[in-house]
Amino acid sequence: MLQEEIWDADAAARYDSPGTGMFAPEVLEPTVTTLASLAGGGPALEFAIGTGRVAVPLREMGVPVTGIELSRPMVDVLRTKATESQIPVELGDMATTRVDGEFSVVYLVFNTISNLLTQDEQVECFRNAARHLVPGGRFVIELWVPELRKLPPGQTATVFSAEPGYIGLDTYDTLHQQVVSHHFTFDDSRQARHTRSPHRYIWPAELDLMGRLAGFALESRHADWSGAEFTADSRSHVSVYRKEGSR
């Protein structure tokens with residue numbers, strides 16, 4: 001499964017859920033507020049900008065935002081919210097694509113670094129962030145913690161969400177550090193919709209080493225965008241890496 005095949009026109013049309021899920025104010029507002037603070041008045045670059053879930057409100061807070069995005073259909077949806085002059089976007093992958101200028105913050109939200117399916121590609125993503133940042137700039141990553149402790153012996157799947165009309169589960173290949181996320185949506189009819197996406201999962205310690213290889217030092221790690229403490233039981237983290245050197 002190629003990422004271009006996953007994020008097609010149908011996925012782009014269904015991606016936004018205004019006011020709910022990851023678009024809910026209690027999810028989005030802390031994200032945008034934290035990123036605006038880290039930008040410190042400077043410009044921001046979003047890897048995998050998608051339909052502009054974060055970029056649009058961040059720009060509305062006065063932060064200049066540029067994006068890199070692999071999926072043309074996702075950018076087409078973004079263009080219904082902001083013009084190219086308002087939020088410039090370069091089509092390409094986040095591990096190698098370059099844009100003009102230097103940035104105070106580069107960010108990558110909602111587990112998207114795991115869409116890169118090899119360790120080498122993930123390391124190159126860090127290096128690409130470093131190329132775009134001013135000395136002392138930050139690279140911010142939001143990522144889930146692999147739930148391997150939930151796997152009983154001999155089992156390869158965990159349910160990460162079960163709610164009315166939706167079930168989500170992950171199937172793990174622990175030998176190759178791969179996981180496929182399965183999303184089942186359904187209503188009162190006998191039909192259900194199944195979509196899936198492949199990922200390479202990353203432990204926090206491995207992520208930190210990737211940062212060191214690219215010239216970053218871990219500045220902070222919290223369990224969410226509101227600054228909750230990161231613990232052994234946290235299901236996700238927001239990690240901030242500072243590029244070595246001073247402004």
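The following dialogue concerns a predicted model of a protein.

Mentor: Residues are numbered from 1 along each chain as its sequence is written. In this predicted model, local features need pLDDT of at least 70, side-chain atom pairs count only at pLDDT 80 or more, and totals for chains, interfaces and linings use all residues, while side-chain values use heavy atoms, with hydrogens and water left out.

Trainee: What makes up the secondary structure of the protein?

Mentor: The protein has seven helices and 11 strands; helices (H or I, at least four residues) and strands (E, at least two) are DSSP runs, numbered from the N terminus.

Trainee: How do you know whether the radius of gyration agrees with that of a compact globule?

Mentor: The radius, taken over C-alpha atoms, is set against a globule rule of 2.2 Å times the number of residues to the power 0.38. For 247 residues a compact globule would have a value near 18 Å, and the protein has 18 Å, so the two agree. The C-alpha trace spans about 55 × 40 × 30 Å along its principal axes.

Trainee: Where does Pro-43 lie?

Mentor: Pro-43 is in the loop between helix 3 (25-39) and strand 1 (44-47).

Trainee: Why is Pro-43 called partly exposed?

Mentor: Buried means under 20% relative accessible area, exposed over 50%, and partly exposed in between (1.4 Å probe, protein chains only). Pro-43 has a relative accessible area of 27%, and is therefore partly exposed. Of the 247 residues of the protein, 49% count as buried.

Trainee: Which residues is Pro-43 in contact with, leaving aside its neighbours within four places in sequence?

Mentor: Contact means heavy atoms within 4.5 Å. With those neighbours left aside, Pro-43 is in contact with Pro-64, Glu-102, Phe-103, Ser-104 and Val-105. Pro-43 and Glu-102 are 59 residues apart in sequence, and their C-alpha atoms are 7.8 Å apart in space.
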